[in-house]
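Have a look at the structure first, then read on.

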Amino acid sequence: MGRFRYLSQLCLTSTFIVLAQGSISCTPESFSTYLESTGNDNATVLQAFNIAKGGTFMVPASDIAYPQSPTDLPELCVIQINVTSSVTSAYSFGLFLPVEWNERFLAVGNGGFAGGINWADMGVGVRYGFASMSTDTGHNSTSADGTWAFHEPEKLIDWGYRAMHRSVVLAKELTQAYYGDYPKYNYYSGCSTGGRQGLRSVELYPDDFDGVIAGSAAWWTSHLQTWTVKIGTYNAQPASQIPETMFSVIEEEVIRQCDPQDGLTDGIVSAPQQCNLRLESLLCQGDNTTQCLSPAQLSTLRLIYSDYVDVNQTFVFPHLLPGSESQWDVLVNNGTANGLGTDYVRYFLGLGPQWTQDQFDYSIIQLADQLDPGNATADDFDISPFQKKGGKLLTYHGMADGYIPTDSSLHYYNRITEELVPKGIDLDSFYRFFYVPGMQHCAGTPQSMHAPWYFAGPNQATALSSSLHSVPGFKDARHDILLAMVDWVENGSVPEPLIATTWDNDTTQDTVYRQRPLCFYPQKAVYKGEGDADEAQTWECRSQY
């Protein structure tokens, strides 16, 4: 805590020096003049104004993807810039410039197919003191709506990588012009599609960021979105359909069988991959035909828990883990197609609105691999340029994620390993991956588990409050992944196992209920055998249980 206070005081002092050297005031006219003088003819200022300390940025009603308005902001300048990226496309980005600047820059990510500026996560970053930026990726839509992509190759390029990179470049330039000095360090924080954006930046533009946090990354776009269609077919046939009311029953049985295998019965499934799950225990017996499964339904359940393998035993995508059932209502549901899958095929791959889920076959995977719309898939696994320039990468994935299979992140880690280790590169020196037992997609935990999930990761603070940042009562690099990244990049302090927190009531952060260490792969958190298991110090990281 002492070091954090010192940094805050140091940055506050330097802010006044930086501001005195700046050449831009917080007005549209001032920023417009700057853009014109520097040859940014394709950029226009949409708004620029000041917000007083404690104020709120009111998100426009038109921003349908991220409607939450950040509150209790520090004194800052708001800027929104629109940039023409081609004759048929344009994107915009928002930038928060705090008066008390910590001399660092932070870009935050998006989610799904959503188009919109993520003002809420920008608000989280600016409360630390970062100059914080988000791009709308070139369109306006909700997360599962991909209709905007139909026959729009330039918009797809903006969504895939271009809008993020070019927004970052210009936002840094505006930050320098405003303060009179460039950011000393540049960071990125994103989850889901935001995780993909971070990994794509590492691969394509290794100089954009010094540190990247990529959670639950939707990195393998051509296979993730097509797997989303496939899993939607599993539960579509009436004779074998598992009713949504059974999802919680399945979850209860998974916890009963898989919880003890991590060495402690505490309601949290921490080692689902090692669980010898006997699904036959869910079969209906005799006259009991409720709260159980028929043989046909059991076959459906086996599909859900199985990797997607297709023609010639080709691996397509990993499966959802046991323990993810609390989020099955989104993709598994009652067999109804989810737009994150079908819209990708219809509009990203260009097969048109008449295409239906029952037309899906392996040729769709092949087409997706061939087209890779927007060059979005983050599969350029040689990230040695990022490593050589001193970049740091932290990735993670929740084990109760029901939207993106958890082990897709392990697959990415393994592909990076296969690419870099033969070149003599030590992954641990710049890249760490960890699982979060009991965490759902990016944030939250099933009520049945009440697992520690909060470590100030992307999207997490806004899931609890419009005014939160860091970890209440634990604002340090052990409990806060962003502070851990800053410490790693700037001081060379290798992250210790992070500590995740959950509260009695996760909407008010009142009394801490549990804290657990999050160990870097391949290690796992193991209870020492004595002491309160809800306290982090009673656990240690080991290579195996």
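**A salt bridge to start with**

Arg 514 and Asp 534 form a salt bridge, and their closest N and O atoms sit 2.8 Å apart. Arg 514 belongs to strand β13 (residues 512–518), while Asp 534 is in the loop between β14 (524–527) and β15 (539–542), so this pair ties together parts that are 20 residues apart in sequence. Keep in mind that you're looking at a predicted model.

**More on this pair**

- Arg 514 counts as buried, because its relative accessibility is 7% and the cut-off for buried is under 20%.
- Asp 534 comes out as partly exposed, with a relative accessibility of 24%.
- In the whole structure, a search turns up 19 salt bridges.

**A pair within one helix**

- Asp 158 and Arg 162 have side chains that meet in a salt bridge, at 2.7 Å from N to O.
- How far apart are Asp 158 and Arg 162 in helix α4? These two are four residues apart in the helix (residues 153–179), so about one helical turn separates them.
- Asp 158 is buried, with a relative accessible area of 1%.
- Arg 162 is buried too, with a relative accessible area of 10%.

**Another pair to find**

- The side chains of Asp 428 and Arg 432 also meet in a salt bridge, here at 3.8 Å from N to O.
- That N to O distance of 3.8 Å passes the test, because a salt bridge needs the nitrogen within 4 Å of the carboxyl oxygen.
- Is Asp 428 buried or partly exposed? Asp 428 is partly exposed, at 37% relative accessible area.

**A leucine in a loop**

- Now for Leu 283, which you'll find in the loop between α7 (247–258) and α8 (295–304).
- Leu 283 has a relative accessibility of 25%, so it counts as partly exposed.
- Which residues does Leu 283 touch, leaving aside those up to four places away in sequence? They are Cys 292, Leu 293, Ser 294, Pro 295 and Leu 298.
- Leu 283 and Gln 297 are 14 residues apart in sequence, and their C-alpha atoms are 8.9 Å apart in space.

Terms used. Residues are numbered from 1 along each chain as its sequence is written. This is a predicted model: local features need pLDDT of at least 70, side-chain atom pairs count only at pLDDT 80 or more; totals for chains, interfaces and linings use all residues. Side-chain values use heavy atoms; hydrogens and water are left out. Buried means under 20% relative accessible area, exposed over 50%, partly exposed in between (1.4 Å probe, protein chains only). Contact means heavy atoms within 4.5 Å.
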